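Have the viewer open as you read.

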Amino acid sequence: MKICYILSAIQIIRLILFNSIYCGAERTVRSACFQGSCNMAHALEEEIPYPTFIQRPTEIKCSRTLTTGQHNEQYCIDIVRKRDYEGFLCSLLFPEAVRRSALALRAFNVELAQIKDTVSQKTIGLMRLQFWKSAVEDIYRDDPPAQPVSAELWRALRKHTLTRRWMLRIISEREKDMEDKAYRNLQELEAYGENTQSSLLFLLLETLGVKNVHSDHAASHIGKAQGILTCLRATPYNSSRRKVYLPMDICMLHGASQEDFIRGSRDQNIRDVVYDIASQAHVHLQHARSFSENIPHAAMPAFLQTVVLEDYLQRVRKVDFDVFHPSLQKRNPMLPLQLYLRSWKKIY
């Protein structure tokens, strides 16, 4: 067993090293090779006459297409790694044949998620969401706009059978979220999680070729749990911007005001609010795992996000549900290994 754990650690370290140095190393090697070739050519150009080659227009088009495709893929990798690091780690553990499509879908989700935080006016945000709604329609008409994520989504659509409804549902929910108001109750927050995160999981399952009712039920619960915990984890960041989105009914139940969260209060009533919200996410995780015996192994990569959610629940429990504790703002260095072990054991 120890040997297995050591081998697993080595594998995940290789993944991380590949992730961190691949892009820089590739550019360095290409540059060195190009420079070396130029120096050699300069030294021999007086002795060896060079033949003249004429590149055909079709060859030029193919080389440009290849370069554009590589750029689009790298753009998706970079934006997911920067904005959704945990999702990026999960995507690395997808089968190689579908990894690029999974990254394209996660990049699409990131593009939509960051609109709310990057625009100064609601109207501008709605315009950008309308662009993506039109882009999805164009992608399904085989006419994607000249945008890296759109191009990668079009590529994924040609390779897999992806349901347009799930993409449009994510966009529609993001449009509702532009209202910039706190959720009235926990049910609203769960609906947000299901319409965004669960829809993404449904699309990831489609890339894996999984059509299973039990997998769909599990994805629904995992998406709700992720939506709840994403809102909870973002509380310190949102509070620093004088915004609070936690369900109002639970805050009122414990006598916690929005000003308490904005001040970063660590009083017991604030911890009680966090406990109630985290407990509901835990319930959804338990429900999702109750389907595990009826879910095919092929679906497991899509459900690795449960490792991330469980990790946060354990850490917030250790600090007695103090959502403002500094340790919760740091990444868990053991998370990549935990993800790999779950992937290896084919459990979630």
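## A residue in a helix

N238 sits in helix α11, which spans residues 235–240 (helices are DSSP runs of H or I with at least four residues, numbered from the N terminus). This is a predicted model, in which local features need pLDDT of at least 70, side-chain atom pairs count only at pLDDT 80 or more, and totals for chains, interfaces and linings use all residues. Residues are numbered from 1 along each chain as its sequence is written, and side-chain values use heavy atoms, with hydrogens and water left out.

N238 has a relative accessible area of 9% and is therefore buried (under 20%; exposed is over 50% and partly exposed lies in between, with a 1.4 Å probe and protein chains only). Apart from neighbours within four places in sequence, N238 is in contact with K243 and Y245 (heavy atoms within 4.5 Å).

## Two aspartates with positive phi

D180 is not a glycine, yet its phi is positive, near 60 degrees. You will find D180 in the loop between α8 (164–177) and α9 (186–207). With 33% relative accessibility, D180 is partly exposed.

D320 is another non-glycine residue with a positive phi, about 60 degrees. The loop between α15 (305–318) and α16 (335–345) holds D320, and at 42% relative accessibility D320 counts as partly exposed.
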